[in-house]
Amino acid sequence: MIINNIPILTFLVWIPIISGLIIFFLDKYKDRQLFYISIFISSLILILSLLLLYKFNFSSHTLQFIEKTIWIKNFGINYFLAVDGISILFILLTTITTFLIVIFITTEKYLQINKLLSLFLILEGLLIGVFCSFDSILFYIFFEAILIPLFLIIGIWGGNNRIYATIKFFLYTLFGSVLMLVSLIYLSIQADSFSILDMYSLNLSLSTQIFLFISFLIAFGIKTPMWPVHTWLPDAHVEAPTTGSVILAGVLLKVGGYGMIRFLLPITTDAGIYLNDYLIPLSLIAIIYISFVAIAQQDMKKLIAYSSVAHMGFVTLGIFLIFNFLEKNTYNQDAALLGLQGAIMQMLSHGLISAALFLCIGIIYSRTQSKLIDNQSGIIQSMPIFSAFMIFFLLANSGLPGTSGFVGEFMVILASIKANFLYAFLASLTLVLAASYSLWLGKRVIFGNPKNTLALSEINTTEFMVLLILVIMVLFIGLKPEIIMIIMNETTTHIINSLQKG
Amino acid sequence: MFLISLLIIFSPLIGSILLLFLQNKSKSKTTFIANFSIAISAVLSFALLIFFLINPDVVNNYKLYTWLSTEQSVFNISIIIDSLSIFMSFIVSTVSLLVHVYSVGYMNKESSYNRFFAYTTFFTFSMLLIIFANNFLQLFIGWELVGLSSYLLIGFWTNKETAIKANLKAFIVNRIGDIGLILGVCLIFAHVGSLDYKDLFLSLPELSQKTISIVGVHVSLISLIAFLLFLGAAAKSAQIPLQFWLPDSMEGPTPISALIHAATMVTAGIYMIARLSPFFEQSLYVLDIILFIGCLTAISMGLVALVQNDIKRIIAYSTISQLGYMMAALGASYYSLAIFHLMTHAFFKALLFLCAGSIILKCNHEQDIDKISGLKNILPITYSAFLLASLSLIGFPLTSGFFSKDMIIEALKYNGNINSYYILSFSIFITTLYTLKILIKVFFGEQKEKASSELEHDNPIIVPIVLLVIPSIFIGLFFIGPIINDQFFTTSLIDTPKTNLFYETIVINPILFSVHSLTSSSFYILILGVLFSYFFYFKKAKFLILISEKLSFTKNILLSEYGFNNLSNIIIPHYFKRFGNFVWNKADKIIIDDVFVNGIGRIINRFSIKIRSLQTGFLYHYAFTMIVSLIIFLLVFYDY
C-alpha cells in the first residue's frame with residue numbers, strides 16, 4: 001500500500017507549518033475562503049493522525065514510523081521522528097484540539113483572520129513535532145518554537161493587559177528552557193549523540209543527575225505549570241483570546257508533563273529517587289492550595305486557569321510517585337505503573353475538559369462581553385442547551401465518575417495510597433475542593449435569575465457541534481478508559497521496566 | 001436472568017437518553033417513555049423477587065465489560081444478582097414507578113416537564129447501578145451518579161435561589177463523604193489487589209492482621225477502612241455530623257423528596273454497609289461507632305423535627321431520624337432488620353411525602369403547617385392515606401413500620417445494648433409528637449377553604465397514594481417471616497443465625513409479636529406520645545403551652561439544628577472564601593508574583609541602570625579601565 005511508504009510524521013509536522021506560512025500571506029482572500037482552506041488542512045491532519053493510530057501496532061513498545069536522516073552532520077544531529085504509545089496520544093490530542101479550534105474560530109470575529117488561522121496551524125505542526133521528536137536538539141527547537149506563535153496569538157488578539165502577560169509568559173518559559181538546553185548539550189556530550197534514546201543508557205553520578213534533574217524540572221515544571229512557578233498561566237489565560245486559551249490549556253501544558261516522562265523519568269531516575277521527598281509535597285500543594293486560590297477568583301478564566309494548575313498537580317503527583325515506588329524499601333512496580341498511566345490519563349482528560357471549559361467561557365464572553373463572574377447570572381434561562389454543556393464540563397472538571405475527569409485522579413489516588421495514606425488523603429481533598437470551585441461557578445453563572453433582561457442568543461450549530469464532540473470524547477474516556485490503556489499500556493510498562501536499573 | 005437484570009438496570013437509562021433527545025416534544029410521549037421504562041424495571045424486579053422468595057440461595061455474577069485493566073488488576077463493570085440486590089431493586093423500582101406516575105400529575109404544569117423525567121429516570125438507573133454492583137468501582141460510580149441526579153433535581157427550579165444553594169450544599173457535603181469512600185476503596189485495592197466484594201471477603205483473615213501507620217500512629221487496617229466507608233455512608237444517609245444537607249434538599253420538587261431523599265438514595269449508605277456485612281463484622285469498634293451515631297441521629301434529629309413548621313422539613317428530619325434507626329440496627333449487627341426497616345420506611349415515607357405534595361398543591365405551595373388547617377374534608381383520600389402512613393411511622397401495632405421498628409428496638413434489648421434500647425424507645429415518643437403535630441395541624445381545626453364535590457386531585461396523583469397505602473400497612477406483616485426467619489438473606493448477609501435466634505425467642509410469629517408488644521415499653525411510650533400530642537396540639541392545653549414557652553432557649557438550639565445550620569451556611573463557606581482570598585492575594589500575588597517574578601525583573605532593571613552608567617562613551621574612561629584591569633591581572637597572575 002502507498003500509505004506504508006509515505007513519511008507520515010513528516011507530513012503531520014510540516015503540512016500544517018507550511019500551509020500555515022502560506023495562509024499567513026493570503027491577505028486578500030475572503031474570510032470564508034480562508035475558513036475552508038484551514039478547515040480542510042486541519043481535517044486532513046486529523047485524518048492523517050487517525051491513520052497513524054490505525055496503522056499503529058499496539059502490542060509493541062518499540063518506536064514506530066521511524067524517520068531518521070542526518071541533519072547537521074558535523075554535530076551528529078539527526079532529523080529523528082518516531083512515535084510510541086505515549087506520543088501518539090498527544091498527537092491525537094493536538095490534532096483534535098486544533099481541528100475544533102479552527103472550526104470554532106469561524107463563529108468568532110477577529111481582525112486579520114488569516115494570520116490567526118495560520119498561527120494555529122503552525123502551532124499544531126510544532127506541537128506534533130515536540131511529541132514525535134526523538135532527537136534532543138530537534139525536540140528543543142520545536143519546544144522553543146512553540147512560544148512564537150502563542151506569543152503572537154496572545155500579544156495580538158489578546159485583552160487589554162496582553163503585553164504584561166505575554167512578556168511574563170515568554171520570559172518565564174524561556175528561563176526554564178535555557179537551562180534545559182545546557183543540560184541537553186551536556187548529556188549529548190556524555191552520550192556522544194543527540195538521540196534521546198542514547199541518553200537513557202547513560203550512567204551518571206548522583207550529583208550530576210541532581211543538577212540535570214533540577215534544570216529539567218524547572219523547564220518542564222514551568223510549562224506544566226507546577227506550584228510555585230505557575231503565576232504566568234492565569235495572566236496568560238485571562239489575556240489570551242478564547243481559542244488561544246483552548247490550545248494553551250488543552251495541549252501546551254501537556255508538553256511539560258510529556259517532557260517529564262521523556263527526560264526527567266528515564267535520564268535522572270536516581271536524582272528523582274533522592275529528591276522524591278521534596279517533590280511530592282510540591283504536587284500536593286498545587287492540588288490543595290491552588291484549589292483554594294481558584295475558589296477566590298472573580299474572573300471565570302482565571303478560575304479555570306487555576307483549576308488547570310490544580311489538575312496538573314495530579315499529573316506531577318503521578319510522575320513523582322514513580323520515584324517513590326522505585327526506592328529500594330518501597331519498591332512497587334505495579335504502583336509505579338499506575339502512577340504513570342494515571343498521569344497520562346489525567347493529562348488527556350484535562351486537555352479535553354479544560355479546552356471545553358475555555359470554549360464555554362468564550363461563548364459566554366461573546367454574548368455578555370464580560371468574563372467576570374459577578375456580571376453573569378441565570379444564563380440557563382436564555383441558553384438552556386449551552387448551560388447543559390457547561391454544567392456537564394464543570395462536573396467533569398470536578399472529577400465525576402463516568403467522565404474522563406475521574407479516571408486519572410482515581411488512578412493517581414490509587415497509586416498514592418500505596419506510598420503513604422497521608423498523600424492519598426491530601427490528594428483526595430480535591431473531591432470537595434474541585435466540586436466547590438466548579439459548581440459554585442456554575443451556581444453563580446448558570447443558575448439563578450438573569451441580571452439583565454437582555455436575552456442571550458443560544459449557541460449556534462457550529463458551537464453546538466464542537467462542544468458535542470468534546471462531550472462524546474469525555475464520556476467515552478470516562479466510560480471505557482480501557483481504550484486509552486490499550487494504546488499506551490505496552491509503552492508505559494516498558495518505561496517502568498527499564499527504570500529498574502536505579 | 002442476566003438478560004432480565006440487564007433490562008432492569010438499563011431500561012431507565014435508555015428511557016433517560018430517549019428523553020434527553022426528545023427535548024420539547026409532546027408531554028404524552030415523555031410520560032409514556034418515562035413510565036414505561038421504569039415499569040419494565042419494576043415488573044421484572046417483582047418477578048425476580050418472587051423467584052428469590054422461592055430460591056433465596058441463588059447468587060449470580062455477570063461481567064458486562066472491562067472498564068480498565070492494569071498490570072495488577074482488572075476493573076470490571078459487572079452485576080451481582082442475589083436476594084439482597086433483587087430485594088433492593090424491587091423497593092427502588094416500585095417506589096420509583098409510583099413516584100413517576102405521581103409526578104405526571106404533580107409536574108404537569110411545569111415547562112421543563114421533559115427534563116424532570118430525564119433526570120428521574122437517570123436517577124433510577126444510577127441507584128440500580130449501586131444496588132447491582134459487585135465491586136467498589138461500580139459502587140463509587142453509581143454513588144456519584146445518584147449524587148449528580150440529586151444535585152440536578154434539587155436545583156430543578158433553576159431560578160429559585162434557595163434551591164440552587166441547597167443543591168450545591170448537598171453535592172459538596174456528599175463529596176466530603178466520598179473522600180472517605182474513595183480512600184477506603186483505594187486502601188482495599190492497595191491491600192487486596194482487587195475491588196471485588198468477593199475478593200475482599202476472601203482476604204479478610206489476612207487483612208485483620210495488618211495495621212497501617214498514619215502520621216506515626218498504628219491503626220488496624222480493617223477498622224480504618226470500615227470507618228472510611230462508614231464516612232461515605234454517613235454522608236449519603238445523612239447521619240450526624242454530615243446530616244445537614246438533607247433538610248435543605250427539600251427545596252426540590254416534592255416527588256423528588258419522596259423518591260430520592262426519603263425512599264431510595266439516602267438508604268444507599270445503609271445498603272452498602274449491609275452489603276459489606278462480612279467485612280464490617282470484623283471491626284467491632286466501627287460497629288460501635290455506627291450504633292452510637294445511629295442512636296444519636298435518631299433522637300437528636302427527631303427533636304429538631306419537633307420545632308420545624310415546614311411540612312416537608314419535618315418529614316425530612318423524620319427521615320434522618322429513621323435512618324438513624326437503620327444505622328443502629330446495622331451497628332448491632334442486625335443487618336436484615338436494617339434492610340427490613342429500609343423497605344417499610346421507603347414505602348411509608350414515600351407515601352407521607354406524596355401526601356405532603358398533595359397538600360402543598362392544594363394550598364398553592366404553602367408549606368407552613370401553621371398556615372394550613374382543616375383539610376380533612378377537602379382532601380379525604382390524602383387524609384386517610386396520611387393517617388395510615390403516620391400510624392406506620394410511629395409504629396402502631398400490625399402496621400409495617402411497627403414490625404420493622406419495634407423489632408430493631410427489641411433486638412437491641414435482646415442483644416444487650418440497653419442504652420441504645422432506651423434512646424430508641426424514647427425516640428418513639430418524639431416521632432409520635434411530630435407526626436401527630438402535622439396530622440392535627442393540617443387536617444383538623446378551622447377549615448379555610450370550601451369543600452368541593454370534585455375529586456381532590458387528578459388520578460395520577462391519587463392512584464399512587466392509594467397504591468402506596470397497601471405496602472405501608474401490610475408489607476411488614478407479609479415479609480417479616482420470609483426475611484427474618486426463612487434465611488432469605490443467607491447468601492448475602494451474615495446475620496442469619498443471629499436474627500433467626502432472635503426471631504425464635506422474641507418474635508415467634510407476627511401476631512404473637514404484636515400481642516407481646518402491647519406489654520412492652522415502646523407501646524406505652526407510643527400511647528403516651530399520642531395522648532401528649534392530643535392535649536398539646538389538638539386541645540391546646542394551657543399548661544403544656546406554658547411549658548413549651550419556657551423552653552424557648554432549647555427551641556432556638558433545635559431550630560439552629562445544634563449550630564449545624566450556621567456552621568454549614570455561613571461559617572465554613574466564609575472561611576473557605578477567606579482562606580482562598582488570603583492565599584491568592586498574599587502568597588500568589590505578593591510573594592510569588594511581586595517578590596520573585598516581578599522582583600527579579602526589578603533587580604535586573606536596577607542592576608542594568610547601574611551598569612549603564614559605566615557605558616559613558618568617553619574613550620579615556622575605557623582606556624583607563626583597561627589599564628587598571630591590566631595592572632590588576634598582572635599583579636594577580638604574575639608568576640612570582
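Contact here means heavy atoms within 4.5 Å, and helices (H or I, at least four residues) are DSSP runs numbered from the N terminus. The structure is a predicted model, in which local features need pLDDT of at least 70 and side-chain atom pairs count only at pLDDT 80 or more, while totals for chains, interfaces and linings use all residues. Residues are numbered from 1 along each chain as its sequence is written, and side-chain values use heavy atoms, with hydrogens and water left out.

In chain B, helix H5 (residues 136–154) packs with helix H6 (residues 161–192) at an angle of about 175 degrees, their axes being 9 Å apart. Axes are lines fitted to C-alpha atoms over the stretch in contact, and angles run from 0 to 180 degrees between N-to-C directions. H5(B) and H6(B) are therefore roughly antiparallel to each other, a term for angles over 145 degrees. Residues of H5(B) in this contact include B:Phe136, B:Trp143 and B:Tyr151, and those of H6(B) include B:Ala163, B:Phe171 and B:Ile188.

Between chain A and chain B, the contact takes 62 residues from chain A and 55 residues from chain B. The two chains bury about 5,200 Å² between them, 73% of it on carbon and sulfur atoms; buried area is the accessible area (1.4 Å probe) lost on putting two parts together, summed over both. One salt bridge is found across this interface, defined as a side-chain nitrogen of Lys or Arg within 4 Å of a carboxyl oxygen of Asp or Glu. A:Lys443 forms a salt bridge with B:Glu161, with the closest N and O atoms 3.5 Å apart.

Key: Chains lettered and ligands numbered in written order. Helix = DSSP H or I, 4+ residues; strand = E, 2+ residues; numbered from the N terminus. Parallel < 35°, antiparallel > 145°, perpendicular 65-115°, else oblique.
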